[in-house]
Amino acid sequence: MKKLVLSLSIVALFLGSCSSDNEEITTQPMPTGTISGDITTAKTYPLGNYTIQGTVKIKSGGSLTIDAGSTITASIADGTADALLVENGGKLFLNGTAALPIVFTEASKTPGSWGGIIMFGDAPIVGANGVTTATSEDGNNLPYGGVNATHNGGSLKYVRVEYAGKKLTDNTSELNGFSFYSVGSGTVLENLVAYKGADDGFEFYGGTVSGKNLISYGNFDDSFDWQDGWRGQESTNWYAYQLGTGNYGMEIEAKSVNNAFGPKVTNITLTRAAGTVTEGGSSAAEYDAIQFKKEGNGEYSNVLISGYTTAGSTAVRIQDATTNTNQVTGGKIKLSNVKINDGTSLSAGVGTAFTVAFPVGNYTLSTTATGAALTSGSWSIIDGLDLLKK
């Protein structure tokens with residue numbers, strides 16, 4: 001009997017603490033603030049809506065963590081060169097989820113308004129004339145390159161970068177959505193979106209890092225681009241959709257150094273929407289699905305190519321005779337399980353100076369290639385448009 005009385009007392013106490021039907025429920029506002037300046041220690045931003053102002057540099061020994069679901073907004077109107085830059089030795093932790101991505105955008109939604117995400121490491125590169133270090137072309141003139149193949153710059157998961165590709169002071173070179181300078185294999189790059197930037201969606205400057213589940217949508221130059229002997233070995237599920245303005249689906253080069261290695265990428269979808277034109281000011285007709293030049297090479301499998309039907313375009317372009325001799329004939333370019341829709345030609349060189357002929361088994365076609373396999377979610381939806389439903 002005593003136990004029953006005690007229980008009833010607890011119930012009465014609980015009911016007395018409940019709000020009435022007419023009482024308003026209040027919620028705390030989302031945190032806001034400005035991210036700016038140099039970051040030299042460990043800095044964390046909780047779920048919120050933030051503004052990025054100027055080039056934020058994560059210095060060696062510093063780290064930046066931003067919680068899932070946060071939005072970080074740049075503004076072309078503030079007159080500063082907005083960008084998020086990780087120097088070698090710094091760490092960036094952007095671990096969103098499919099439902100709560102971390103979004104970097106720009107207030108006016110104008111392509112080319114800011115500099116995107118830039119990361120530096122000390123993984124190996126092979127630069128022009130075989131040098132092992134170089135200076136960045138992002139306007140910061142920072143050194144990159146080294147011997148630390150497992151360099152770890154942090155973790156980027158479910159991150160979207162919108163409207164990047166800002167022009168530098170020379171008014172011709174641009175920054176990208178994501179720029180990776182000699183970033184190492186200890187860095188995690190997964191489920192990333194580069195959306196409507198004014199230059200490349202993703203660019204790798206040497207290094208050993210791999211990228212998994214990458215979307216490049218509506219970027220003005222190349223969807224995927226690399227140089228300096230990039231050699232990521234575990235990249236997979238790359239999806240490119242070129243719309244309005246766009247050059248190559250993938251531009252592949254190695255600074256004219258005949259490397260014994262190359263990257264490996266599996267499950268690739270390259271699509272060019274009808275009416276898409278090349279970027280203004282281009283010195284060549286850059287409208288092919290894949291271009292190899294300056295000794296670019298690598299292995300690519302399960303590739304789906306659609307829409308590269310402009311007169312003169314081709315699925316695989318070999319840009320120079322040296323690349324054709326050393327990489328194509330030499331067997332260092334391998335494309336397997338390739339499906340080409342729309343009647344696009346298989347391959348071509350430039351002019352009539354050389355003929356492109358892959359060794360048997362190094363360029364194989366398939367009617368069942370599926371390309372990238374990605375799952376839609378909030379991370380791939382912008383203003384109601386699901387980027388993966390095209």
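Strand β24 (residues 333–340) holds N337. This is a predicted model, in which local features need pLDDT of at least 70, side-chain atom pairs count only at pLDDT 80 or more, and totals for chains, interfaces and linings use all residues. Numbering runs from 1 along each chain as its sequence is written, and side-chain values use heavy atoms, leaving out hydrogens and water.

**Overall build**
- The protein chain has 28 strands and 2 helices; these are DSSP runs numbered from the N terminus (helices H or I, at least four residues; strands E, at least two).
- Its C-alpha atoms fill a box of roughly 95 × 45 × 40 Å along the principal axes.
- Of contacts with a separation of 6 or more, 72% join residues 24 or more positions apart (contact: heavy atoms within 4.5 Å).

**Surface and charge**
- Of the 390 residues, 52% are buried (buried: under 20% relative accessible area; exposed: over 50%; partly exposed: in between; 1.4 Å probe, protein chains only).
- The accessible surface is about 16400 Å², and carbon and sulfur atoms own 53% of it (Shrake-Rupley method, 1.4 Å probe; for residues, only the protein chains shown count as cover).
- The chain carries 25 positive and 35 negative charges, with mean positions 7 Å apart (Lys and Arg positive, Asp and Glu negative, His and chain ends not counted; placed at NZ of Lys, CZ of Arg, CG of Asp or CD of Glu).

- N337 is not a glycine, yet its phi is positive, about 55°.
- N337 is partly exposed, at 27% relative accessibility.
- N302 also is not a glycine and has a positive phi of about 55°.
- N302 sits in strand β22 (residues 298–306).
- N302 is buried, at 11% relative accessible area.
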